[in-house]
Amino acid sequence: MKRARIAVLPGDFIGPEVIESALEVLDAVGSRFNFAFDVERLPFGGTATESHGDPLPEETQAAVLEADAVLMGSAGGPVGDHPWNRLPREKRVETGILKLRRLLKVFANLRPVTVFPGLEHLSPLREELARGTDLLIIRELTGGIYFGKPAHNRPDQGLATMVYERHEVERIARVAFESAQLRGGKVTNVDKANVLDVSQFWRDVVVGIHQAEFPQVSLDHLYIDNAAMQVVRDPSQFDVIVTGNIFGDILSDLAAVIPGSLGLLPSASLGGEVGLFEPVHGSAPDIAGLGLANPVGTILSAAMLLRFGCGQSEAADALESAVQRALADDPPPDLGGGRGTAEMTRAVIAALPESVVAHS
Ligand code: NAD
Ligand code: IPM
Ligand code: MN
């Protein structure tokens, strides 16, 4: 039987709740498709800051590099005044998240936004607008304003720097064009080239890669402000969206409204030797401990882990179909349904195929 080593970073608040759900589901998928996981849970996030003085302790750093894939929940404290938000920047939970992405060299963050057929009614948009949405946001993840230097918070001044090197833009552009070739053949580049030099540079490099290497893929451009409007006005116009770190962060939370909830969106961060799989949402302190967290974003991240981290695309397909059936039956409370985390987990497992022919 094939085995995969998964480093698991549950994190804070609803992080551990959605992670336990996804692990139960992965176990069930493994038993049906004849493979298994060796799971190692590691300290990470605000709780690790409290126990180890570091949101990404040394032992966690070492373990993720040894794993076949990393599955992360979500980390961080409540928005607003909270002791974790008063820590020096290098000890902040969010700094640990950024450090993890850099450590794994996962520069390409894939955030698919799909309205599954039959689930259009879960969207707050009119059903005819939501129908057919199948877009892939490709967010640059290890550069841009999140990492640019100088950066500081001084009594007299706050400073951030947005910087992109040519090779960083070239490689994310290639991921976008290659992805589009396997899908609808269309890339929309999103930037702010009308105002920012760094964005004009970004756009010029994207155009250069397009002309030199992918002329058969269609390419268009939108400014981020218009893109934010277009993505909810007419989501099915999009196939692949490629954009920088901060624009992708904002655009993906916004796009979560199309299928109906942030709790649904998964992500895969690729480009290094070990992939990182995590839901798009945060630690949702407002609903932690209530058994209400929607585990689907994490379960679908586990499906992406199966596809990209373990080469188990058939199992990934089966899991995605099971999620679709469970959601159609009765979704979690964030989508107006009645199934909490545990019930949703059971429903997804019950919707998996019974047994599958032997796989290599
Ligand atoms: P959030 O994503 O945690 O929550 C935003 C809203 O969406 C809340 O109302 C929450 O209840 C709801 N929500 C989120 N996930 C849900 C789910 N699975 N099921 C049902 N409802 C869900 O964003 P926030 O409140 O701005 O941030 C809280 C903390 O999370 C902050 O510390 C932030 O830095 C951190 N964060 C971490 C990650 C990560 O770990 N990758 C991502 C985003 C935010
Ligand atoms: C996300 C989060 C993170 C980001 C934060 C918590 C560092 O919002 O994964 O979308 O901005 O990348
Ligand atoms: Mn975000």
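Student: Quick one to start: which strand is Asp134 found in?

Tutor: Asp134 is found in strand S5, which covers residues 134-140, and please keep in mind throughout that this is a predicted model.

Student: And is Asp134 buried, exposed or partly exposed?

Tutor: Asp134 has a relative accessible area of 38%, so it is classed as partly exposed.

Student: How far apart are Asp134 and Gly184, in sequence and in space?

Tutor: In sequence Asp134 and Gly184 are 50 residues apart, while in space their C-alpha atoms are separated by 9.5 Å.

Student: Let's go to the ligands. Which residues surround ligand 2?

Tutor: The residues around ligand 2 are Glu94, Ile97, Arg101, Arg111, Arg139, Tyr146, Asp249 and Val280. Sorted by class, that shell holds 3 nonpolar and 5 charged residues, with no polar ones.

Student: Which element gives the largest share of that shell around ligand 2?

Tutor: That is helix H4, residues 93-104, which supplies 3 residues of the shell around ligand 2.

Student: What about polar side-chain atoms, say that of Arg101: how far is it from an oxygen atom of ligand 2?

Tutor: For Arg101 the distance from a polar side-chain atom to an oxygen atom of ligand 2 is 2.7 Å. Arg139 likewise places a polar side-chain atom 2.8 Å from a ligand 2 oxygen atom, and for Asp249 the corresponding distance, again to an oxygen atom of ligand 2, is 2.9 Å.

Student: How much of the accessible area of ligand 2 does the protein cover?

Tutor: On its own ligand 2 has 320 Å² of accessible area, and the protein covers 78% of that.

Student: Now ligand 1. How many residues surround it, and which are the closest?

Tutor: There are 23 residues around ligand 1, and the closest of them are Ala75, Gly77, Glu94, Gly282 and Ala284. By class, the shell around ligand 1 is made up of 11 nonpolar, 8 polar and 4 charged residues.

Student: Which atoms of Ala75 lie 2.8 Å from ligand 1, backbone or side-chain?

Tutor: In Ala75 the atom concerned is a backbone N or O, and it lies 2.8 Å from an oxygen atom of ligand 1. Asn294 also uses a backbone N or O atom, which is placed 2.9 Å from a nitrogen atom of ligand 1, whereas Glu278 brings a polar side-chain atom to 2.9 Å from a ligand 1 nitrogen atom.

Student: And what share of ligand 1 does the protein cover?

Tutor: The protein covers 73% of the 810 Å² of accessible area that ligand 1 has on its own. The elements that contribute two or more residues to its shell are strand S3 (69-74) and H4.

Student: Back to Ala284. What is its phi?

Tutor: Phi of Ala284 is near 40 degrees, which is a positive value in a residue other than glycine. Ala284 belongs to the loop between strand S12 (275-277) and helix H10 (296-309), and with a relative accessible area of 22% it is partly exposed.

Student: What is the phi of Phe13?

Tutor: Phe13, although it is not a glycine, has a positive phi of about 50 degrees. Its place is the loop between strand S1 (2-11) and helix H1 (14-33), where at 32% relative accessibility it counts as partly exposed.

Student: Changing topic: how many aromatic pairs does a search of the whole structure find?

Tutor: The search finds 4 aromatic pairs. In one of them, Phe35 and Phe37 have ring centres 5.4 Å apart and planes at 90 degrees, so the pair is edge-to-face. Phe35 is buried at 6% relative accessibility, and Phe37 is buried as well, with a relative accessible area of 11%. Phe177 and Phe214 form a stacked pair, with 5.2 Å from centre to centre and 25 degrees between the planes.

Student: Where in the chain are Phe177 and Phe214?

Tutor: Phe177 is in helix H6 (residues 166-181) and Phe214 is in the loop between helix H7 (197-213) and strand S9 (218-223), so that the pair links distant parts of the chain, 37 residues apart. Both Phe177 and Phe214 are buried.

Student: Which ring does the charged end of Arg102 sit over?

Tutor: The charged end of Arg102 sits over the ring of Phe147, 4.2 Å from its centre, and Arg171 lies over the face of Phe107, at 4.3 Å from the ring centre.

Student: Last one: is the peptide bond from Lys149 to Pro150 cis or trans?

Tutor: That peptide bond, from Lys149 to Pro150, is cis, with omega near 5 degrees, and Pro150 is located in strand S6 (residues 148-154).

Methods. Residues numbered from 1 in each chain as written. Chains lettered and ligands numbered in written order. Predicted model: local features only at pLDDT ≥ 70, side-chain atom pairs only at ≥ 80, totals over all residues. Heavy atoms only, no water. Near = heavy atom within 4 Å. Polar contact = N/O pair within 3.5 Å; in protein donor to acceptor, adjacent residues only side chain to side chain. Areas by Shrake-Rupley, 256 points an atom, 1.4 Å probe, with all protein chains shown as cover. Helix = DSSP H or I, 4+ residues; strand = E, 2+ residues; numbered from the N terminus. Nonpolar A, V, L, I, M, F, W, Y, C, P; charged D, E, K, R; others polar. Phe/Tyr/Trp six-rings, centres within 6.5 Å; stacked < 30°, edge-to-face > 60°. Buried < 20%, exposed > 50% of the residue type's maximum accessible area, 1.4 Å probe, protein only. Lys NZ or Arg CZ within 6 Å of the ring centre and 35° of its normal.
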